[in-house]
Amino acid sequence: MAAVPDPAGDEVSRAGAQAYAAEWARALRRLGFVPHGAAETERLLLAYTERLARALRAEPFSAGPADDVGRAMVDAHLTEPGMLEWSVRALGEGFVDRVLPGGTRPADAAERVAASQGALAAGFARALRDRTFAQQERIARSAWQARDEVEQALRDSEARFRAVFTGAAIGIGVAGVDGQIIEVNQSFADMLGYAAEELRGVNVSSLFHADDAAGMWELYQELIEGRHDPVRVEKRYHRKDGTSLWTDLAVSLVRHADGRPRFTVAMIEDITERYELQQRLRFQALHDPLTGLPNRTLFFETLGRVLDTAGPGQRVGVCFLDLDGFKAINDSLGHDLGDRLLVVIARRLADSVADHGHLVARMGGDEFVILVDGGDGLDDAVSVAKTALAAVATPVPVGGQQLTVSASVGIVECPAGETSASELMKAADTTLYWAKGEGRGRWAVYDPERGARDIARSSLAATLPSALDRGEFVVRYQPIVSLLEGRMVAVEALVRWQHPELGLLGPDRFITLAEETGLIVRLGEWVLRQACRDAEGWRRRFPDARLVVSVNLAARQADDPGIVETVSDALASTGLPAGLLQLELTESAVMGTAGEPLRSLHRLAALGVRLAIDDFGTGYSNLAYLRRLPIHCLKLAGPFVEGIRGDVPTAAADHRDERIVDALVRLAHALELWVTAEAVETGVQAERLRALRCDTGQGRFFGAPAPAREIADRLSSGEAT
């Protein structure tokens, strides 16, 4: 009994594999003769099942094991045609879900199953072909031995040869070196739809398919010249009725005793059904089963071929399209209706560019791509994108209702010789993201400079976690000075990134990235603890200074249910009194706060921690709500302070800004809140703010952000006393 070698690998679902093998065994016994007992057949198929399952989850993936299983089926004499058809079909119908354990299904399982189906069929076909031709060669040897014996007047051997030649199931033909047919058997004649007598004297070249004729005659000539012996190819022939068939053709040259070519012997097998099965399997592997469009595999094959064969000056473009809000349609109306919508959209996209011959493929989900090959430039690609958007925007009647959808398109167009498939699609994906960011129903064109900035930004985002682990972040402290007394009463902790290659980076380069990636919570906690350590160090050295350290709290930190415990632990571990810590939140982060975040603010205030609203006046400015918050300080936004520098174009504008600041200070004092003015750059500003009874100021005029040791130096010089 044939066995399939199987390297050690991860376990598959034993129960699932046994059930699948049992079902496979029952199907094969139902489809034809199985030369083994039921138990033996099931054990054999269980080995095949486990082999296929392990191959599907192997990394890297290879369809070779499926090819081995196809060959093993032939070796085990499981060769009824229906057995192959059932085995290939069943491999694609739930095989992965039944046999692979939960959580082990690879992301590209569908592509792997399709490749395995093709490999199984190909292995089966090749093994069957090899076995057939092994039999054919034995027949041929017998035939020519009989022929030689005829030439030696051995009539009994001639009879045996005739029996073999005439009764062979494969087609056998003998022709002269000029291609004129000398003899054919009935199987040969039946394949081509002729009587055997009609073929005698016909030149073999007249039977070649028109598309293969030139290449076949060249191959025939090379055989006669001795450059090939034997020749084995898959070729098409014309039947008498005008139809064509695919054959597996083996041609050998018979020579005279002195080595001169004498005649050729051809053995052909009709493989039309097998070839059509392979073509169907290839179509299934390269096309989307829902829409019938080419899939990503075929798209990348085509794109790669276009780039590899592009001539000088040839350009290529890609329009990467994604439906806007398609998930909402699936969630609200159901996946069945969503699938029907995708089918309509796919047909419209294909029709919209049909006259230009552009390839439209479905990349997966609601993403489509159009390959603009041979266009004259960017204008052609933009025109294709506009046409596609118009096709998508037309209302779609589905399920008794009219659905209106839109799409976003990323456009990349460049010389074909200056890019690769991966670079082109990466740029298209980036550009699609830009288009979506600008709103619905839009297209965007790839900008290399913007792309480079995005790559640099992504690189920074990717290295943020490791940078925090490596200790690349530092804290700088900016003085906050009493406008009445002129002494430093607090400092604001400001984080910087000491990048090993880019130098010291300000928060504008990485804080947004930290918020987007969620790292802001870890980073914010690190800043909080570092600031508390430094502040406690100052307190121990200068106990009379009572210097407050102000730490920014991001919105995501404020929403974190554990923020109170984090702050409490930072204070406890460093020994810093709660009254010397101030937490700054942006106005938009606290205005409208309800539920757990609001309770957290009250719990923080109950610890004794001071709370401040940063950039006040630029957000919601909900004064009624402000009364409910346990706030101690308002920090006036920089634009208000900037307006009273004294160098504005008109005195009226200067006076207006001054009145705004005056009103905000009065409001804060009415609510018994401390007021800090940010962005104080000049002495004029400081004097005016003092006159308006603003409590403290912060900005370049009072000192730039500095390391902790410089703050200690200022305290040592008496600036905080």
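How many nonpolar, polar and charged residues does the lining of the largest cavity have? The lining has 19 nonpolar, 2 polar and no charged residues; Ala, Val, Leu, Ile, Met, Phe, Trp, Tyr, Cys and Pro count as nonpolar, Asp, Glu, Lys and Arg as charged, and the others, Gly among them, as polar.

This is a predicted model, in which local features need pLDDT of at least 70 and side-chain atom pairs count only at pLDDT 80 or more, while totals for chains, interfaces and linings use all residues. Residues are numbered from 1 along each chain as its sequence is written, and side-chain values use heavy atoms, with hydrogens and water left out.

The largest cavity has a volume of about 230 Å³. A cavity is a set of points, on a 1 Å grid over the protein atoms alone, where a 1.4 Å probe fits but cannot get out, and lining residues have an atom within 4 Å of a point. Nearest its centre lie V204, Y220, Y237, V251 and A266. Each element tabulated here supplies at least two residues of the lining; helices (H or I, at least four residues) and strands (E, at least two) are DSSP runs, numbered from the N terminus.

| Element | Residues |
|---|---|
| β1 | 171-176 |
| β2 | 181-184 |
| α10 | 213-224 |
| β3 | 231-238 |
| β4 | 244-255 |
| β5 | 261-270 |

The largest share, 4 residues, comes from α10.

Elsewhere, T574 belongs to helix α21 (residues 563-574). T574 counts as buried because its relative accessibility is 13%, buried meaning under 20% relative accessible area with a 1.4 Å probe, protein chains only. Beyond its neighbours within four places in sequence, T574 contacts (heavy atoms within 4.5 Å) R529, C532, R533 and E536.

Methods. Buried < 20%, exposed > 50% of the residue type's maximum accessible area, 1.4 Å probe, protein only. 1 Å grid on protein atoms, 1.4 Å probe; cavity = no way out; pocket = protein on both sides within 12 Å on 5 of 7 lines; lining within 4 Å. Points joined across faces, edges and corners; volume = space filled by probe spheres on them.
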